[in-house]
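Please keep the sequence and the structure in view while reading.

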Amino acid sequence: NKSNKSNKSNKSNKSNKSNKSNKSNKSNKSNKSNKSNKSNKNNKRMFIVSETFFSLEIQPRFNETDGLGHINNTVLPVWFEAAREPVFEIFNPSLDLSQWNLIVAGFTIAYTSPTNYGKPVSVKTWISRVGNSSFEVAQQSWQEGKMTAEAKTTLVHYDYGIDKSQPISAEVKSQLVKLTGE
């Protein structure tokens, strides 16, 4: 009896492993495209990365919702900041705050349509201008094929030790100029 149970258990484990492996292989094949997914180890954000923009998929939370079922207007700037994380990584790959080298010089947002609870939102991020020490990040939020907000953020490459802006290196500029949003 013990050997029958052991054999059944081994067969069951092998079967489960092979099913998991097959599911994993199918999942990997279906995710392959000209875009790649990128997930930060410290959180569960999933970015869609193309050669010319980043996109962050967000599921609105109940606590971000007002009495009309709309996402509160203070929430979208937070989502836009979260969606800039891949841009931050260009300047600071480890996102080490003790080595932080960017500062926000300006932020504008236009709300074009209500963003609603219960439906996923995609935040698209790209670079609209690159200067000597500053650059502009353009962003849009989309829900069910409709743009709900757009924003522009001016960021400055900054040395906090001397409280002064710093020129953006040629290497970093070359990465930024590729992110045209198209």
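Asn-101 counts as buried, at 15% relative accessibility; buried means under 20% relative accessible area, exposed over 50%, and partly exposed in between, with a 1.4 Å probe and protein chains only. Asn-101 is placed in the loop between H3 and S4. Helices (H or I, at least four residues) and strands (E, at least two) are DSSP runs, numbered from the N terminus.

The side chain of Asn-101 reaches the backbone oxygen of Phe-91 at 3.2 Å. Such a polar contact is a pair of N or O atoms within 3.5 Å; within protein, one must be able to donate a hydrogen and the other to accept it, and residues adjacent in sequence count only if both atoms are side-chain atoms. Beyond its neighbours within four places in sequence, Asn-101 is in contact (heavy atoms within 4.5 Å) with Phe-91, Asn-92, Val-156, His-157, Tyr-158 and Tyr-160.

## Basis of the model

The model is predicted: local features need pLDDT of at least 70, side-chain atom pairs count only at pLDDT 80 or more, and totals for chains, interfaces and linings use all residues. Residues are numbered from 1 along each chain as its sequence is written, and side-chain values use heavy atoms, with hydrogens and water left out.

## The chain as a whole

The secondary structure comes to four helices and eight strands. From the N terminus on, the elements run α-β-β-β-α-α-β-β-β-β-β-α. Of the 182 residues, 35% count as buried.

Among contacts with a separation of 6 or more, 61% are between residues 24 or more positions apart. The chain exposes about 11,600 Å², and carbon and sulfur atoms supply 50% of this area; the areas come from the Shrake-Rupley method with a 1.4 Å probe, and for residues only the protein chains shown count as cover.

## Aromatic pairs

Rings of Phe, Tyr and Trp (its six-membered ring) pair if their centres lie within 6.5 Å; planes under 30 degrees apart count as stacked, over 60 as edge-to-face and the rest as tilted. By this rule there are four aromatic pairs. One of them, Phe-88 with Trp-100, is edge-to-face, with 5.3 Å between centres and 75 degrees between the planes. This pair links distant parts of the chain, twelve residues apart: Phe-88 is in helix H3 (residues 85–91) and Trp-100 in the loop between H3 and strand S4 (102–111). Phe-88 is buried at 11% relative accessibility, whereas Trp-100 is partly exposed at 21%.

Phe-91 and Phe-135 form a stacked pair, 5.2 Å centre to centre with 10 degrees between the planes. Because Phe-91 lies in helix H3 and Phe-135 in strand S6 (residues 134–143), the pair ties together parts that are 44 residues apart in sequence. Phe-91 is buried, with a relative accessible area of 10%, and Phe-135 is buried at 0%.

## One face of helix H2

In helix H2 (residues 75–83), the residues Val-75, Leu-76, Trp-79, Phe-80, Ala-82 and Ala-83 are buried. Seen down the axis of H2, these buried residues fall within an arc of 160 degrees, so they line one face of the helix. The arc is that of the directions from the helix axis to the C-beta atoms.

## An exposed glycine

Gly-145 is found in the loop between S6 and strand S7 (146–159). With a relative accessible area of 69%, Gly-145 is exposed.
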